[in-house]
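Hi,

Here is the model I promised to pass on. Have a look, and my notes follow below.

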Amino acid sequence: MENSDKALDTGSKRVYDVAPSEMFGEFMKTGWAPTPLTGIIQDEVIPYCVARRADLSAAFSGSRVVLPGGELKQRSNDTDYQFRPHSAFAYYTGVQGVEAQPGSVLVMEPTKEGHTPILFINPRSTRDTDAFYRDAKNGELWVGRRFTTDEAAQRYGIEVREVSELEAFLKGKTAVALHGYDEIVDAKVKKHARDEELINFVSVARLIKDEYEIREMQKAVDATHRGFSDVIRVLPAAVATPRGERVIDAAFYGRARVEGNDLGYNTIAASGSHACVLHWNRNDGEVIPGDLLLLDAGVEVDSYYTADITRTLPINGKFSPAQRALYMLVYESQKAGIEAIKAGVPFLEINRASHSVLAQGLIDMGIIKMSLEEAMDPAVGLHKRWTLHGVSHMLGMDVHDCAQARADQYRDGVLEAGMVLTVEPGLYIQLDDELFPAEYRGIGIRIEDDVLVTEDGFINLSENIPHHPDEIESWMASLR
């Protein structure tokens with residue numbers, strides 16, 4: 001092999017590197033001590049994964065099932081976004097946090113008794129090859145140590161093979177699979193009549209959370225609470241800094257990385273009238289005393305479960321009369337939505353309960369000039385000019401969890417004990433909205449909590465994060 005830039009091409013387009021000499025290659029094979037991992041234990045999620053795979057096996061009896069973890073996504077040239085596996089892959093394998101590696105695939109191989117799970121991974125690059133120092137995508141000196149197949153088998157409690165064997169393993173076999181996430185799977189596994197059924201199944205399976213999931217979601221909520229406190233502490237710096245919303249964004253991101261895997265979604269740090277942009281995440285605006293800050297953010301813990309919390313905070317620590325009046329309308333709206341939650345209640349009842357309060361409030365203010373019954377008629381719904389979005393969605397491994405469920409299973413279905421969902425009414429008065437008096441224009445308010453459905457009601461997982469305006473003012477004063 002000639003000593004040229006191309007000689008070191010490992011698929012990462014590092015054309016600026018120069019290949020090492022042959023003597024260097026021989027030298028790198030010598031002088032290494034064995035470093036096996038000891039004391040490997042299984043995470044508490046593994047027994048839950050066994051039960052989840054049993055349900056998957058029963059639903060697809062006799063069929064091979066392939067769940068890819070996904071591949072790296074290119075950010076620019078030879079840099080990639082941080083890897084995060086497909087939620088279904090993590091749900092059924094228990095591969096979490098920094099242990100997740102691109103290119104991994106779970107295969108449920110059918111047997112007479114059900115299925116044998118086989119996890120295909122890109123294992124540790126051992127010292128008997130040159131990959132550990134030359135492969136910029138997978139080499140140990142580039143990306144860190146990975147499990148060997150034996151170590152991974154101990155950790156996850158299933159058979160583990162090298163992903164280099166996957167192509168031959170799948171050749172000529174039919175399978176039900178998730179497509180669009182792995183090149184090998186897409187190339188070797190033809191589309192199957194039950195693929196759509198699989199997409200639906202692995203999404204609906206997460207509608208009802210088990211005990212482990214509920215604990216992880218509480219952990220995510222508690223970390224998010226601390227992240228919101230971090231934001232309150234940096235508000236003076238945000239006020240003093242151009243593009244102060246970035247200070248807020250950075251403070252919460254720091255908490256997400258310290259206590260979790262990452263953000264559950266892009267943080268919305270919307271100051272002033274930016275709060276009227278529902279998915280504002282440019283986060284490049286000024287933070288001005290007297291305005292409100294709408295902070296919509298969530299920590300994703302290492303198990304990939306995320307919180308989704310919104311609080312609207314007065315930047316100077318005190319609500320103005322106009323701000324408080326609108327805030328209390330949203331507060332009462334959210335209270336009505338939460339109190340509507342109970343197993344057996346239609347999912348859309350949360351939305352109806354919250355929007356009824358908002359619509360009545362707008363009627364009482366003289367903004368809407370009709371009865372509540374007329375306003376809530378689906379053929380009318382004028383209050384939606386200031387509310388815009390639905391009040392609730394499922395929450396879990398994905399911030400908008402279970403999104404591949406059918407309408408009858410989710411939006412048009414009924415609540416069941418074990419579901420976790422958000423309740424997040426909002427009121428947004430645009431700067432140029434002349435239907436409102438001037439003192440209300442440019443105010444955007446949303447309050448969002450994460451709620452567990454129980455047989456006889458609910459548990460608000462984020463109840464300890466202050467949400468009444470008096471509580472918020474006291475919270476802010478205690479931290480500043």
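The lining of the largest pocket divides into 15 nonpolar, 16 polar and 13 charged residues (nonpolar is Ala, Val, Leu, Ile, Met, Phe, Trp, Tyr, Cys and Pro; charged is Asp, Glu, Lys and Arg; polar is the others, Gly among them). Before you dig in: this is a predicted model, where local features need pLDDT of at least 70 and side-chain atom pairs pLDDT 80 or more, while totals for chains, interfaces and linings use all residues. Numbering runs from 1 along each chain as its sequence is written, and side-chain values use heavy atoms, without hydrogens and water.

The pocket's volume is about 1,100 Å³. Of its 44 lining residues, Lys73, Arg84, Pro85, Ser87 and Asp398 are the closest to the centre. (A pocket is an open set of points on a 1 Å grid where a 1.4 Å probe fits, with protein on both sides within 12 Å along at least five of seven lines; lining residues have an atom within 4 Å of a point.) Domain 1 (22-205) and domain 2 (211-479) both contribute lining residues, so the pocket lies between them; the bounds come from an automatic or database assignment. Helix H9 (195-204) gives the largest share, 5 residues.

Then there's strand S12 (309-314): 6 of its 6 residues are buried, so the rest of the structure largely encloses it (buried means under 20% relative accessible area, 1.4 Å probe, protein chains only; helices, at least four residues, and strands, at least two, are DSSP runs). S12 runs antiparallel to S10 (292-297), joined by 6 bridges (pairing takes at least two DSSP bridges), and leucine 295 has arginine 311 as its bridge partner.

Cheers

Notes: Buried means under 20% relative accessible area, exposed over 50%, partly exposed in between (1.4 Å probe, protein chains only). Grid points are joined across faces, edges and corners, and a volume is the space filled by probe spheres set on the points.
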